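Subject: Structure handover

Hello,

Here is the structure I said I would pass on. My notes on its salt bridges follow below it.

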Amino acid sequence: MLTNKRSSRYSSLGFLVGVFGIGIGLLTGFLVGVSPLLIGLPIFAVAVLVWFFAQFEQAVIGLLVLRSALDTFSAQQLPAAFAVGLDGLALLYVIVSLLTGQAVKVDKFWWFFAGWVALQAMWVVLLPLGGLGLDSTYLFEGVREWTRLFSWLMVYLLVMQLQGKVKPQTLITTLFLSLVIPLTVASMQMFLPASLLPSFLAQSSVDAGSLEPASRIRGTLGHPSSFATFLLLFIGFTCWKIRDTRNRAPWLFLLAILTVFFVSTKALTMTAMLFVFVFVMIAPKLNLLNLMGGILLLGLVILLFTSTDFGRERLGSLSDTPLLNPHMDMWRAILLSWTDGNSFNWRIAQWHFIWEAWKNAPLLGYGLSTASYVTVLQNEAHNDYLRALVEGGIVGFITFLSLIAAQIYRLVHIMLTSPKNSSQQNFCFILIALLSAILLGMFTDNIWKHTTLFFYWWLSLSVVGWDWNQTPVSDTKNYQTPVRCLRS
């Protein structure tokens with residue numbers, strides 16, 4: 001009986017491999033017909049596939065590290081191709097695992113996240129049916145946004161498969177390799193003349209107002225703000241390493257380096273996020289050492305930010321907004337936003353227009369990733385809560401808040417149930433501090449569009465729920481597990 005089951009599994013796997021081989025052959029023939037130069041694409045795909053299944057742990061970690069270097073090639077659609085390829089690998093892994101009787105590890109939060117992502121597909125379906133505020137012209141935007149969300153779900157799933165094979169501390173430490181290429185490029189942007197940089201690495205002159213536009217670095221990411229949130233995430237990881245290791249000197253040095261790069265992005269909203277992160281991190285364990293460390297870090301940030309004319313101009317522009325000027329109301333700020341170049345007044349205008357647009361489609365909104373098409377300014381919302389409201393209506397806004405609430409509940413639950421002062425509890429607390437900063441930044445920026453940040457965020461949220469006391473076992477032992485794992 002056992003022999004028949006095993007034979008059935010291998011015959012199913014052989015059939016799957018055969019179908020895949022036929023597909024690769026047909027694709028190769030088509031690409032050669034289009035252009036002989038494209039024959040390398042299926043060969044590369046086969047090589048990645050073989051590597052993925054032959055060295056699963058190394059392949060997954062390698063792909064995770066590689067992701068931070070791709071955004072600079074957005075014009076060539078490389079990040080999108082990476083997301084689609086990663087989704088395909090994850091789905092293929094699940095199919096092969098089920099056919100061969102291997103375990104597919106998931107947890108309860110993954111099921112919630114999967115249901116949430118599936119629900120977002122409703123807006124993609126309703127758009128061409130005329131159930132939203134826009135028509136099918138914007139269907140591609142919705143499909144692309146949903147694919148982005150789905151790729152986060154697949155990242156979570158792939159990382160779950162490493163549980164029991166890789167220690168969580170080892171995985172998180174290995175992720176620091178993803179800083180190498182972005183920081184190398186950022187160093188080139190800081191210290192080399194723009195004329196010596198390739199055009200795709202040079203800073204954009206439209207990124208930052210009228211003063212010192214070329215001084216804002218963005219590494220390999222598409223925008224200085226995206227680079228700043230990526231650095232903030234690794235500043236959090238570094239703070240965790242400082243607590244988790246006895247040899248703190250290298251990590252303190254790395255923290256100083258990351259802070260310098262962070263401030264060099266000159267992203268004011270991200271600087272406020274850093275303040276929130278530090279406050280939440282030190283508040284529960286407030287002592288003289290933590291207080292001095294927090295003050296030194298924030299003091300360094302303020303000193304570096306105000307050391308340039310651009311930084312002082314950004315801070316000074318706040319005085320010309322209703323926030324700090326009692327003689328200026330919202331309507332005056334909206335009028336001035338067309339001419340004064342003040343990004344804060346521009347945001348006020350954009351938020352007003354988005355609010356008015358939402359009133360025309362209050363229940364279900366306009367569809368995924370349509371916020372930049374519903375106002376006269378034709379730009380992103382720069383407020384993720386308003387973006388969720390205008391794109392998904394009241395229903396979408398509630399689902400967005402439910403996802404945030406689920407993450408908070410998960411992190412608080414893990415922090416309370418993990419051993420006191422353990423590495424897992426400390427890492428969980430760092431994630432809570434980072435989430436607090438992210439929720440603040442969502443009020444004035446497009447944090448939800450920072451794909452690289454959330455790529456590593458969902459990865460971290462997957463790792464924090466592992467059994468950190470589990471000893472890694474060999475792949476052969478995992479291979480013989482005949483049931484799927486469902487862990488809380």
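Does Arg 410 count as buried or exposed? Arg 410 counts as buried, at 9% relative accessibility. Please keep in mind that this is a predicted model.

A search of the whole structure turned up eight salt bridges. Three of them are described here.

Arg 410 pairs with Asp 107, and the closest N and O atoms of the two are 3.3 Å apart.

Another salt bridge joins the side chains of Lys 449 and Glu 145, at 3.5 Å from N to O. Lys 449 sits in the loop between helix H17 (423-441) and helix H18 (451-463), while Glu 145 is in helix H6 (residues 139-160), 304 residues away. The two partners have these accessibilities: Lys 449 is partly exposed, with a relative accessible area of 23%, and Glu 145 is buried, at 6%.

Arg 347 and Asp 445 also form a salt bridge through their side chains (3.7 Å, N to O). This pair links distant parts of the chain, with Arg 347 in helix H15 (residues 343-358) and Asp 445 in the loop between H17 and H18, 98 residues apart. Arg 347 counts as buried at 10% relative accessibility, and Asp 445 is buried with a relative accessible area of 7%.

Finally, salt bridges with shared partners connect Glu 145, Arg 148 and Lys 449 in one network.

Regards

Methods: Residues numbered from 1 in each chain as written. Predicted model: local features only at pLDDT ≥ 70, side-chain atom pairs only at ≥ 80, totals over all residues. Heavy atoms only, no water. Salt bridge = Lys/Arg side-chain N within 4 Å of Asp/Glu carboxyl O. Buried < 20%, exposed > 50% of the residue type's maximum accessible area, 1.4 Å probe, protein only. Helix = DSSP H or I, 4+ residues; strand = E, 2+ residues; numbered from the N terminus.
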